[in-house]
Amino acid sequence: MICKKMEEKHSTVLPVFDPDDSSGCVVDYCKNLMDYARKESCGQCVFCREGTWQIYAIINDITEGLARSDDYELLLDILLQMEQGASCEMTREAAGRCIRLMREQEEEWDKHLRRKRCTNLVCRCSYTLYIDPGVCDGCGKCLEVVPAGAISGGEGMIHIINSDSAAYAGLSPSICPRGAVKKAGPVKPKLPAEPVPAGSFTAEEASGEGDTSRRRRRRG
Amino acid sequence: MEKVKLQIDGYIIESNENKSVLEAALEAGIYIPHLCYHPDLTPLGNCKLCAVEIDGEPGIVQSCEMTVREGMVVHTNTEAVTKRRMVALELMLASHPSDCTSCDKYLNCELQALMQYTGVAHSRLREVEKENTRIAQSDRLIKREMQRCIQCGRCVRACQELRGVGALSINNKNGETYIGTQGDVPLTETDCRFCGACVEVCPTGAIQDMKGVFADNVPRRQALIPCKNECPAHADIPLYIRLVNQERYSDAVCVIREKLTFPHSLGLVCTHACESGCKRRHVNEAIAIKDLKRFAVENDTKEVWKTKVTRSPKNSKKVGIIGGGPAGMTAAWYLARKGYVTEVYERMPLAGGMLSYGIPKYRLPQDGVNKEIEILKEEGITVHTNTSVSSLSQLEEKGYDAILITTGACRGKRPPDYNKPWTNSLDAVDFCRMSCEGRLGEPGDVVTVYGGGSVGFDCARTAKKQGVKTVRVICMEARDKMLADPEEISEALMEDIEILSGRAIVNIEEAQSRVEALSLVRINGFSFSAKGLELDVVEGSETRLETDMIIFATGQQPELDESYGIELVRGCFAKVDGSLQTSKAGVFAAGDVTYGTKSVVAAIASGQDAAKEIDKYLGGDGSIEDIYFEREEQQPAIGTTDSFAGLTRTDCHAACDAGKESLRCLQCDLRLDIQKDRNWVDAHYKTVKGVKV
């Protein structure tokens with residue numbers, strides 16, 4: 001045992017998971033847990049120094065929809081060695097918590113891994129951002145904070161997020177002070193194709209039952 | 001120390017009680033993979049590769065951290081252990097580049113060897129790229145490719161534990177840990193002593209020696225001490241510098257005397273190839289090795305070395321040596337020690353060769369040379385001075401069992417067009433000899449020296465000291481390519497000697513067998529082709545200079561001719577085989593007469609080689625090695641010294657600060673004391689030194 005991070009405090013300062021939090025996600029929590037641990041690592045033992053980085057990288061891929069088919073087993077494989085072999089209590093505890101949460105909430109993990117879905121739309125893989133045409137008043141404040149090309153529209157016009165834009169990944173709901181930027185899960189709302197004057201767009205106008213697009217399941 | 005018996009993988013092995021399980025296994029020839037463990041460093045248990053299971057211990061433990069116990073039962077290859085190792089290695093590789101073949105440590109890398117041993121490759125894990133690895137910068141001695149670092153921490157421990165320096169640490173920046181200097185400053189701003197211990201222990205290509213610092217054409221252990229390697233006689237320079245630093249001058253001279261027969265003269269005039277090899281040169285300036293040697297010799301009051309010389313019993317075999325210069329006298333001394341009857345023939349009134357008749361007295365006083373010759377003669381060498389030997393046949397009836405020719409290169413060599421008997425021209429070698437003999441007349445008011453090597457400057461400075469008003473040195477090399485020692489050049493400039501570099505003489509005006517004037521051109525460069533010398537002349541740069549005397553310092557060659565009785569090469573050089581034997585059995589040659597002008601120390605080394613070969617030829621073992629200073633175990637710790645990298649060279653001319661200068665030494669030799677970890681393919685691991693249960 002070499003590491004100074006053996007004190008009990010490190011296992012208590014680790015972020016806490018609240019299973020009832022409707023805005024939380026177990027996968028996202030594990031990612032943040034490992035992010036904390038990897039930055040705290042003293043850099044001596046391989047399971048702490050490299051293990052936390054590797055686990056973080058894999059879970060991060062999962063949250064972004066880049067999971068590989070054997071990632072669940074891979075995570076457990078590495079986490080088990082970390083839990084038993086790491087030189088410090090912090091990493092043993094963090095790895096142990098991940099293992100527990102993977103087993104307890106296997107269904108949620110499976111949803112992320114196989115279907116790229118996140119129940120509470122926390123993880124990036126699970127949602128697309130859109131501007132609710134019913135809320136947007138065309139104030140243009142979002143345009144000031146995002147890179148050019150990410151959002152189209154002018155003053156008084158309903159803005160539209162260009163999901164093909166390179167800057168798309170950097171957007172978040174917080175860019176709109178009115179809360180018009182929303183997350184859409186598998187069911188996509190109907191939106192105007194071009195910016196139209198604010199208040200002129202109604203969902204009924206454009207909707208048709210069959211037009212609601214559903215994401216195709218990748219795997220069964 | 002108590003021995004304990006333990007069982008590893010079904011073998012009962014024995015080990016000292018204080019050893020770790022890993023050390024015990026490795027010693028017994030049982031290989032357990034390991035990476036952060038190093039035999040000279042405190043075990044850390046951070047790489048997890050030396051994992052084992054021990055009966056009675058819960059789970060997997062690190063064998064480097066477990067001390068052996070009587071009756072212990074260890075398993076090094078269970079499924080769980082293998083799994084632990086594989087994952088640990090996979091994790092290290094995830095942030096390690098996979099371009100093994102482009103790494104300079106390729107095939108010499110412990111990580112690569114472990115990949116081969118375990119079969120783990122860059123595979124199923126995510127590649128992890130770390131940003132902070134780019135912080136470390138290489139300097140002129142140490143190449144740092146920190147993306148190859150696996151943070152085993154060996155370098156940090158070597159720097160701290162072995163050396164007591166602590167220039168390296170595990171740093172943390174932006175949530176990433178990496179090996180760096182304290183504060184990420186360049187090594188020159190840390191306490192680093194540039195000893196190379198970190199390079200030596202690094203298992204990967206993360207910390208390496210900069211290419212070009214060490215010679216790559218000699219065995220590694222030899223190359224790692226560049227001063228000693230560059231010295232033709234391979235004197236143990238780091239050791240005597242250390243002894244000078246400890247003010248143990250007699251011990252230092254013992255070390256010097258093991259290899260050098262004219263140490264005081266060398267301390268004054270050696271061409272110091274050692275200093276051109278000195279590793280410190282890459283930090284700032286080389287150590288003043290030559291001066292430190294002279295200082296040691298001058299301060300050796302006890303001459304302990306004389307009591308340590310070992311001698312073989314006298315025998316009746318006789319060796320005749322022609323030429324009493326450094327090569328001849330050195331060979332004579334070693335042969336006398338080996339018990340041979342040794343006689344030296346010297347045509348001049350004094351022995352010493354170029355030490356007595358070549359190098360000007362202002363650089364090398366005759367008293368010192370005479371004293372050193374007397375010391376050698378104490379070994380029982382007969383020196384026949386004023387005895388010229390112009391042909392081998394002269395010695396035939398004297399019944400020598402072996403003859404050594406060390407007549408040097410004493411004849412000047414001029415450019416072919418200037419081989420004329422002008423009355424006011426001299427070859428440098430003759431000028432120097434006449435000066436040493438004190439029979440140099442009045443050279444005139446203007447003396448021109450053609451040639452910018454050491455000998456050229458010897459002539460120019462001698463002329464100046466004689467009172468010649470205008471002395472100029474003309475040389476074809478550009479100012480920065482001149483062959484003379486920079487120190488000589490700057491002293492010549494201080495003495496008001498004119499240096500015309502990058503110029504060639506294209507014509508000499510003569511009248512009544514005298515040189516009247518020279519035509520000079522500026523040149524951009526020159527080369528030697530089949531047609532002879534070719535000049536790249538600057539057009540319109542021709543100038544005319546009058547001179548009262550011209551000295552050709554354009555080279556020297558031996559005086560041998562066909563009548564001497566041995567086969568020659570290139571007209572006048574003695575032809576010798578690999579054992580320095582000439583075409584005539586029992587006749588050897590060494591020194592300048594075989595290879596042309598080099599240096600005093602090269603002649604000494606050649607004389608030693610000749611002594612070995614002659615001893616072998618006469619039925620001896622050919623060993624002339626002698627130890628005058630019993631090597632002590634070196635302290636690996638060197639500690640810190642304020643602003644070590646910035647310490648500048650102090651030449652030890654007047655009030656010598658030898659302590660200060662010797663402190664600057666990087667102590668390259670300490671690196672050889674660091675053990676090399678055995679690779680798993682080593683023959684040591686082929687058989688287990690234990691009993692199968």
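Okay, one definition before we start: two residues are in contact if their C-beta atoms, placed from the backbone, lie within 7 Å. Keep that in your head, and remember too that what we're looking at is a predicted model.

Let's go to a pair of helices in chain B. Which residues of helix 13 meet helix 21? From helix 13 of chain B we have B:Pro326, B:Ala327, B:Gly328, B:Thr330, B:Ala331, B:Tyr334 and B:Leu335. Across from them, helix 21 of chain B brings a list that includes B:Val600, B:Ala603, B:Ile604, B:Gly607 and B:Ala611. If you sort the residues of this contact by type, you get eleven nonpolar, five polar and one charged.

Now the geometry. Helix 13 covers residues 326–337 of chain B and helix 21 covers residues 600–617, and their axes come within 7 Å and cross at roughly 40 degrees. Because of that angle, helix 13 of chain B counts as oblique to helix 21 of chain B. And the crossing of these two helices is right-handed.

Where is B:Cys270? Look in the loop between helix 10 (263–269) and helix 11 (273–277) of chain B. Is B:Cys270 buried or exposed? It's buried, because 22 other C-beta atoms sit within 10 Å, and the cut-off for buried is 20 or more. Setting aside neighbours within four places in sequence, B:Cys270 touches B:Lys290, B:Val600 and B:Val601. As for B:Ile289, it is 19 residues from B:Cys270 in sequence, and the two are 9.9 Å apart in space, C-alpha to C-alpha.

Next, a strand. Strand 16 of chain B runs over residues 446–450, and four of its five residues are buried, so the rest of the structure largely encloses it. Its partner is strand 17 of chain B, residues 470–475; the two pair in the parallel sense over five bridges. To find your place there, look for B:Val447, which stands opposite B:Val471 in strand 17 of chain B.

Last stop, the place where the chains meet. How many residues of chain B are in contact with chain A? There are 24, and they contact 25 residues of chain A. On the chain B side, the elements giving two or more residues are helix 2 (79–94) and strand 7 (168–173). Helix 2 of chain B has the largest share, with six residues. By type, that side of chain B divides into eleven nonpolar, nine polar and four charged residues.

That's my tour, thanks!

Technical notes: Residues numbered from 1 in each chain as written. Chains lettered and ligands numbered in written order. Predicted model: local features only at pLDDT ≥ 70, side-chain atom pairs only at ≥ 80, totals over all residues. Axes fitted to C-alpha atoms, helices over the stretch in contact; angles between N-to-C directions. Parallel < 35°, antiparallel > 145°, perpendicular 65-115°, else oblique. Left-handed = near helix turned anticlockwise from the far one by under 90°. Nonpolar A, V, L, I, M, F, W, Y, C, P; charged D, E, K, R; others polar. Buried ≥ 20, exposed ≤ 12 C-beta atoms within 10 Å, placed from the backbone. Pairing = 2+ DSSP bridges.
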